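Please open the structure in your viewer and keep the selection tool at hand. The stops below each begin with something to select.

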Amino acid sequence: MIDFRLILDKLPAFLGGADGQPVLSTSDGIVMTLELLGASLLLGMLLAVPLALGRVSKNRLLSGSVWLYTYVFRGTPLLVQLFIIYYGLSQFDAVRDSWLWQYLQDAWFCAILAFTLNTAAYTTEIIAGQIRTTHWGEIEAARAMGMSKWLMMRRIVIPSALRRALPAYSNEVIMMMQSTAVAGLVTLADITGVARRIYSDTYMAFEPFLIAGAIYLVLTFVFVWLFKQAEQRWLAYLAPRKH
């Protein structure tokens with residue numbers, strides 16, 4: 001039997017509410033998940049745009065270096081990357097003696113760093129692919145206007161590539177949101193971390209993870225809806241014409 005009383009009692013904990021406190025009074029649960037997701041997506045996008053330009057560069061050393069970075073981070077599990085950063089780096093004296101140690105011993109910072117590097121690798125390839133498929137007519141029009149290479153990139157190529165990348169990037173955002181579940185394994189109390197904490201306190205596994213799954217489904221629905229609105233706003237010109 002499902003313990004509905006347990007679900008009702010523990011639901012506020014997933015929404016950032018401590019015992020006897022209102023929801024959103026702490027950074028646990030959904031607050032932590034959205035914080036990790038928002039910070040890593042923002043930093044990942046800032047990193048991905050210049051890397052995408054390097055990925056499509058004719059300079060083989062630059063393009064190859066970016067390819068190696070995206071290959072490594074797309075070819076290894078996010079959990080392994082997080083464990084290497086949070087647990088692995090601490091075994092080196094040079095790391096513990098450096099100024100970086102004050103940050104690398106913090107689970108929150110390590111999670112943001114791992115998530116940012118991971119999503120930046122995927123986003124780099126998404127944007128680079130859209131830059132390569134920029135319509136030749138847009139390039140010719142920019143050249144006819146006398147734009148320099150970098151002005152054309154800034155005003156024509158990159159904005160056009162970012163708009164056309166929306167469908168693929170929406171999948172990356174949803175996958176990244178679900179991937180934040182590994183943060184609970186480095187002591188952070190995200191949605192899954194709260195479910196694990198309730199399980200260890202009550203020895204009831206079904207109810208807390210049922211709540212966690214339902215919250216992830218709601219968040220996925222919200223992100224899908226938001227990106228659908230964005231695509232209708234910025235990609236309407238690519239939709240098939242109605243006769």
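**Before you start**

This is a predicted model, in which local features need pLDDT of at least 70 and side-chain atom pairs count only at pLDDT 80 or more, while totals for chains, interfaces and linings use all residues. Residues are numbered from 1 along each chain as its sequence is written, and side-chain values use heavy atoms, with hydrogens and water left out.

**Stop 1: the nonpolar core**

Select Phe14, Leu36, Phe115, Leu188 and Ile191, the residues with the most contacts inside the largest nonpolar core, which has 44 residues. A nonpolar core here is a set of buried Ala, Val, Leu, Ile, Met, Phe, Trp, Tyr and Cys residues joined through side-chain atoms within 4.5 Å; buried means under 20% relative accessible area, exposed over 50%, and partly exposed in between, with a 1.4 Å probe and protein chains only.

Next, colour the elements that give two or more residues to this core, among them helix H1 (4-14), helix H2 (30-55), helix H7 (107-132) and helix H12 (206-234). Helices (H or I, at least four residues) and strands (E, at least two) are DSSP runs numbered from the N terminus. The most comes from H12, which gives 8 residues.

Now centre on Phe14 and show its contacts, meaning heavy atoms within 4.5 Å. Leaving aside residues up to four places away in sequence, Phe14 touches residues including Ile30, Ile191, Val194, Ile198, Pro208 and Ile215. A second, separate core of 11 residues can be found by selecting Ala128, Ile131, Ala142 and Met152, which are included in it.

**Stop 2: two pockets**

A pocket is found on a 1 Å grid over the protein atoms alone, as an open set of points where a 1.4 Å probe fits, with protein on both sides within 12 Å along at least five of seven lines; lining residues have an atom within 4 Å of a point. Grid points are joined across faces, edges and corners, and a volume is the space filled by probe spheres set on the points.

For the largest pocket, of about 250 Å³, select lining residues including Gly38, Met45, Ile126, Leu162, Tyr169 and Phe227. H2 supplies the largest share of this lining, 4 residues. The lining comprises 11 nonpolar residues, 1 polar and no charged, where Ala, Val, Leu, Ile, Met, Phe, Trp, Tyr, Cys and Pro count as nonpolar, Asp, Glu, Lys and Arg as charged, and the others, Gly among them, as polar.

Move on to the second largest pocket, of about 210 Å³, by selecting Leu53, Lys58, Lys149 and Trp150, which are among its lining residues. Helix H9 (149-164) gives the most to this lining, with 3 residues, and the classes are 5 nonpolar, 2 polar and 2 charged.

**Stop 3: aromatic rings**

The structure holds 7 aromatic pairs. Rings of Phe, Tyr and Trp (its six-membered ring) pair if their centres lie within 6.5 Å, and planes under 30 degrees apart count as stacked, over 60 as edge-to-face and the rest as tilted.

Select Tyr86 and Tyr87, whose ring centres are 4.8 Å apart with planes at 65 degrees, so the pair is edge-to-face. Tyr86 is buried at 17% relative accessibility, whereas Tyr87 is partly exposed at 42%.

**Stop 4: an exposed residue**

Finally, select Ala94, which lies in helix H5 (residues 93-96) and counts as exposed at 61% relative accessibility.
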